[in-house]
Structures are given as structure tokens and as C-alpha cells.
Amino acid sequence: MVPCTGRVEEVLMLRAFENGADGVMVVGCLEGDCHFVEGNLRARKRVARVAALLKAAKVGADRVRMFNLSAGEGTKFAAFAKEMFEHIDGLGPSPINIARSEATANRRASSSGDTP
Amino acid sequence: MITGDPKALEDIVAMAEPHDKIILAGCHGCVTVCRAGGEKEVQVLASALRLAREAAGRPIEIKEVCLERQCDPEYVELLRPYIADYEAVISIACGAGVQFLAEHHNKTPIFPGLNTTFIGVAEAQGVWSERCQACGDCILHLTGGICPVTRCSKSIFHGPCGGSVQGHCELSADIPCAWQLIIDRLESLDRMDLYEQLHPMKGWRTSRHGGPRKIVREDLTK
């Protein structure tokens, strides 16, 4: 958790994918309600840039999304989390995790002498 | 500052394609200020490149570095102890930095990770525009501090052309007419006499017309 989505830089989102995330949701305050004036607006632009990079990297642009709510909207947060989970569940594992699983399976097969 | 524009990730992936172990080198100079080739950009590009390669089933090892400058020998030499352990370098410095790395490390391929664009200024956050073409013979004292070489689309020296419309260049309404700016500025300085003066034709030998340029300062050389 960070005090403002304005602190969420592109590399934090990208490294989440490197660390095995299938999807990343960035949840900021309502637009126009940022305590730091425009932190959540900057976050939205960064999410868009990361989405473009993920598309170019063939990981999938729709694996990162931005949501906005106020700090008091717990029910809405749960609904957004459920929405994101179902969205990512529908997409399946990221190409990174698929490639890693295949590499692991190949290593096991070659160490046991089987053809993968 | 010298400004740059990052190359598309697809282009960088293609450059790195034959290699499995590379250095990604940023620069703490101009390209850090214009958010194209500094430490943060190294981190983002390295991460995106690793993701692209993993998604393609061919992971790549990337050493992330950011040199103080890539246009001074003492800094580009900092790669010397370990550059031989890597197959290639992608530099996201300006073209001068990329070339200087290549001159100093001639056994390692050096690739450009950004397109060097112009010498310019930060008009606003995220907006840069060109101000100088480094013609080598500055005349800003005659033109109210506004450069007709750079800011006039035709680089003309004798006032606005017929394409100047309501203060804009005929190329685009987004481009102010440099000569309109110059005259407005000279009027506000009460120096329209400078516009009335005749000046000899500008010599372009100090610009690119004389080939690659070099400065030798005898007072500084050893």
C-alpha cells in the first residue's frame, strides 16, 4: 500500500509481472479528490503507459487496470477486486507464467530423460 | 538540453534479439531531464524488455547502469571492468553518448535505445520544443533572443515570409511565426532599429556545411 497512487511508478507495475503477477490493479482515490491534487491522474497515465508496454511485450495490455474509489467505499473495493479477479481469471495465466511453467516442465523432463 | 524520444519497445526487442546477456546504459545528463534515458527509464525499459523476452520463451539477462554522462571518457570507461562479460550494450543516452561508448568499447556492439531529437527547452511538464540548431554563429543579440535559424521553418533572415498568417507559420497553426515573435519582441524592447539594420549574409561554415565540427581550447588542452 502507498499513501497515494501518484507514488506508483511504471516500474512497480512491471516488476509485479516479473514477479509472477497475472494482473495488476491500481486503486486510487476518486478523480478530483486527490489529497495531492493530481496523484491519481498521474497514476492513470502511468497505467496507460504500462498497458502499452505490456502490449508491445506481448504480455497483454488488459492485464493492468486502474480503479477509483473513496477510502470509505469498502464494498466498492470488494466489487472492483472481484471484477478484476474474474477478468484476469478469464484471461488465464500471463505469457510470462506460461513460459516459466513450460521451461520448468522441460527441465524436469530433460533431467528425468523423458521427452517433454 | 539535448532531447530524446524513446524508441518503440518492439524496435529494441529486435535489436536485442540475437543476445542473451546485455547492458542497458542510461545517462544522468540531458536525457534524464527530458525523461527519456535516465535511471527510471533504464528500470522501466529493462523490465519491459525482460517481460518481452520471457513471454517469447527466451529470457534475457540485463545489467542496469546509469552513467553520470556518456559524453565524457572518465564515465564511459566505468563500463570497462565488466563490459566483456556482456554481449551488447543498449544505450539510452543521446546519439553522442551512443557513439562515444562505441568508440571506447569497440569490441562490443552498442545499440541506440532512443532517437535523439533536438536541443530544446521544457515548455511545460512533458512538453519540449526546439530552440537551437547549433549553427555555430549565434545572432540572438540581433533578433530579440529568438532564433530565426531554428524557429523559422525556412530559417530565413529578413523578416516573415508570405506564409506567415496571424502570427503562425504556414506549416501549422501550432508553430508560431518566428519573425512575428522577433518583431513583437524587438518592439517591446524598443529596438526595432535592429530590424532596420542591414547585416552581411550569414556564413554557414560554422554550421554543418563545413563538415563535422570540433572545438579545441588551447587554454584547456594538456
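The largest nonpolar core of this predicted model holds 59 residues. Seven names stand out, because they touch the most other members: A:Leu14, A:Ala57, B:Leu24, B:Val31, B:Leu45, B:Ala48 and B:Leu51. In soluble globular proteins, nonpolar side chains tend to be buried together.

Take B:Leu24 as a way in. Leaving aside residues up to four places away in sequence, B:Leu24 touches B:Val42, B:Leu45, B:Ala46, B:Ile62, B:Glu64 and B:Ile90.

Now turn to where the chains meet. Here 15 residues of chain A are in contact with 14 residues of chain B. On the chain A side, two or more residues come from each of helix 1 (10-18), helix 2 (39-56) and helix 4 (95-112). Helix 1 of chain A makes the largest contribution, six residues. By type, the chain A side divides into 10 nonpolar and five charged residues, with no polar ones.

How confident is the predictor in chain A, as a mean pLDDT? The average is 94, and 97% of the residues score at least 70. Among the elements of chain A, helix 1 has the highest mean pLDDT, 98. Helix 4 of chain A has the lowest, 92. Both helices also give residues to the side that touches chain B.

Key
Residues numbered from 1 in each chain as written. Chains lettered and ligands numbered in written order. Predicted model: local features only at pLDDT ≥ 70, side-chain atom pairs only at ≥ 80, totals over all residues. Contact = placed C-beta atoms within 7 Å. Helix = DSSP H or I, 4+ residues; strand = E, 2+ residues; numbered from the N terminus. Nonpolar A, V, L, I, M, F, W, Y, C, P; charged D, E, K, R; others polar. Buried ≥ 20, exposed ≤ 12 C-beta atoms within 10 Å, placed from the backbone. pLDDT = per-residue confidence, 0-100.
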